[in-house]
Structure formats: structure tokens, C-alpha cells
Amino acid sequence: MEGTSANEELFDHLVRCETRIYNALTEGLKAGHGIGAAQFEFLQYLGRHPQSRVADLAVNFAVGIGATSKGVDRLEARGWVRRVPNPEDRRSSLVELTPAGRELTEAMEQTFREQLDVLIGSVVGEARAAAVIAVLAELRGVLEERGVGLPAG
């Protein structure tokens with residue numbers, strides 16, 4: 001893009017690719033399982049990090065606590081997660097998958113992987129993906145270490 005810096009161009013490509021991929025994933029997951037990518041990501045995180053706090057989800061996804069709590073409420077209302085008392089801190093609860101939530105997550109993971117193979121893998125390939133992962137992981141690590149981009153509430 002003429003007149004733009006490399007950082008501006010990188011930003012533009014990152015954001016536009018992320019938006020298109022996320023929208024396509026949401027569409028495919030909704031068609032196959034009835035819920036979108038955001039709810040799936042919460043379920044997947046809870047499957048990999050049992051008994052997490054709402055705050056843990058919020059930090060991982062850089063989303064406000066209120067929005068995260070509402071997202072967990074929606075999952076809980078559908079019977080996919082439950083809140084249990086936190087034995088280390090009575091002021092908070094832990095969130096865990098229910099058996100139905102675990103079953104749904106496992107089914108969705110197959111669809112998710114297949115979609116990523118089409119949307120990313122078919123274009124980027126394994127070797128180039130590894131190079132991109134290394135760069136983005138370093139950037140994410142620095143941003144997280146500096147506390148950059150966390151919502152205020």
C-alpha cells in the first residue's frame with residue numbers, strides 16, 4: 001500500500017484476516033453446532049484449563065470482566081458450564097465444563113480444525129505457519145507482559 005509504513009500494512013492485514021477468518025469460523029460453527037466462535041473459544045479454554053475463574057477467561061481473551069461473565073452466564077444457561085465455589089477465595093467461583101459441555105466442545109473441535117485447515121492451512125502451509133506463529137507469539141508475549149490492550153472493565 002503506497003504511503004503506508006510496514007507496521008500500518010501489517011496491522012491492516014492482521015485485522016482484516018482475523019475478522020474474515022473469525023466470521024467464517026463463526027458461520028461454520030453455528031451451522032454445525034448452533035453456537036459461534038466466541039462461545040466455542042470459552043468452552044475450549046475451559047476444557048484445557050479446568051476450574052478457571054471468569055477473570056482468567058477475561059485476561060486470556062482480553063475482554064472485560066462484565067462481558068466475560070455474561071458470556072459464561074449464557075453457557076451456563078444452556079447447561080454447558082457450571083460455576084462451583086472457589087475453595088481458595090470465597091469471593092469468586094470457578095467455572096468448569098459439564099459433561100454436555102465437554103461433549104459439545106469435542107464435537108466442535110473437529111469442525112474448528114477442519115475449517116482452519118481450509119481457511120489457513122491450505123494457503124499458508126505448515127512451514128510458513130511456524131514462522132508466523134513465532135513472530136506473533138513473541139509480539140503477543142510482549143503485549144501481555146506490558147499489560148497492553150486489556151479492557152478497563
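**Figure 1. Gln51 sits in the loop between α2 and α3.** The model shown here and in the other views is predicted. Phi of Gln51 is near 55 degrees. That is a positive value in a residue other than glycine. Most residues other than glycine have a negative phi. Gln51 has 42% relative accessibility, so it counts as partly exposed.

**Figure 2. Ala62 occupies the loop between α3 and α4.** Here too phi is positive in a residue other than glycine, with a value near 55 degrees for Ala62. The relative accessibility of Ala62 is 36%, so this residue counts as partly exposed.

Figure 3. Read along the sequence, the order is α-α-α-α-β-β-α. The C-alpha trace spans about 55 × 35 × 25 Å along its principal axes. The chain has 153 residues, and 25% of them count as buried. Take the contacts in the chain with a separation of 6 or more: residues 24 or more positions apart account for 51% of them.

**Figure 4. Helix α2 packs on helix α5.** Two packed helices are described by the angle between their axes and the distance between the axes. Helix α2 covers residues 37-48, and helix α5 covers residues 99-145. Their angle is about 115 degrees, and their axes lie 10 Å apart. Angles of 65 to 115 degrees count as roughly perpendicular, and α2 and α5 are therefore roughly perpendicular to each other. The crossing of α2 past α5 is left-handed.

**Figure 5. Helix α1 packs on helix α2.** The two helices meet at an angle of about 80 degrees, with axes 8 Å apart. That makes α1 roughly perpendicular to α2. On the α1 side the contact uses Tyr22, Leu25, Thr26 and Leu29. On the α2 side it uses Ala37, Ala38, Phe40 and Glu41. Six of these residues are nonpolar, one is polar and one is charged.

**Figure 6. The largest nonpolar core has 20 residues.** In soluble globular proteins, nonpolar side chains tend to be buried together. Which residues have the most contacts inside this core? They are Leu43, Val72 and Val81. At least two core residues each come from α1 (6-33), α2, α3 (54-61), α4 (65-77), β2 (93-97) and α5. Helix α2 gives the largest share, six residues.

**Figure 7. Leu43 and its contacts beyond four places in sequence.** Leu43 is among the residues with the most contacts inside the largest nonpolar core. What does Leu43 touch, leaving aside its neighbours within four places in sequence? The partners are Ile35, Leu75, Trp80, Val81, Leu97, Leu104 and Thr105. Of these, Val81 is also named among the core residues with the most contacts.

Note on methods:
Residues are numbered from 1 along each chain as its sequence is written. This is a predicted model: local features need pLDDT of at least 70, side-chain atom pairs count only at pLDDT 80 or more; totals for chains, interfaces and linings use all residues. Side-chain values use heavy atoms; hydrogens and water are left out. Axes are lines fitted to C-alpha atoms, for helices over the stretch in contact, and angles run from 0 to 180 degrees between N-to-C directions. Helices (H or I, at least four residues) and strands (E, at least two) are DSSP runs, numbered from the N terminus. Angles under 35 degrees count as roughly parallel, over 145 as roughly antiparallel, 65 to 115 as roughly perpendicular and the rest as oblique. A crossing is left-handed if the near helix is turned anticlockwise from the far one by less than a right angle, and right-handed if clockwise. A nonpolar core is a set of buried Ala, Val, Leu, Ile, Met, Phe, Trp, Tyr and Cys residues joined through side-chain atoms within 4.5 Å. Buried means under 20% relative accessible area, exposed over 50%, partly exposed in between (1.4 Å probe, protein chains only). Contact means heavy atoms within 4.5 Å. Ala, Val, Leu, Ile, Met, Phe, Trp, Tyr, Cys and Pro count as nonpolar, Asp, Glu, Lys and Arg as charged, and the others, Gly among them, as polar.
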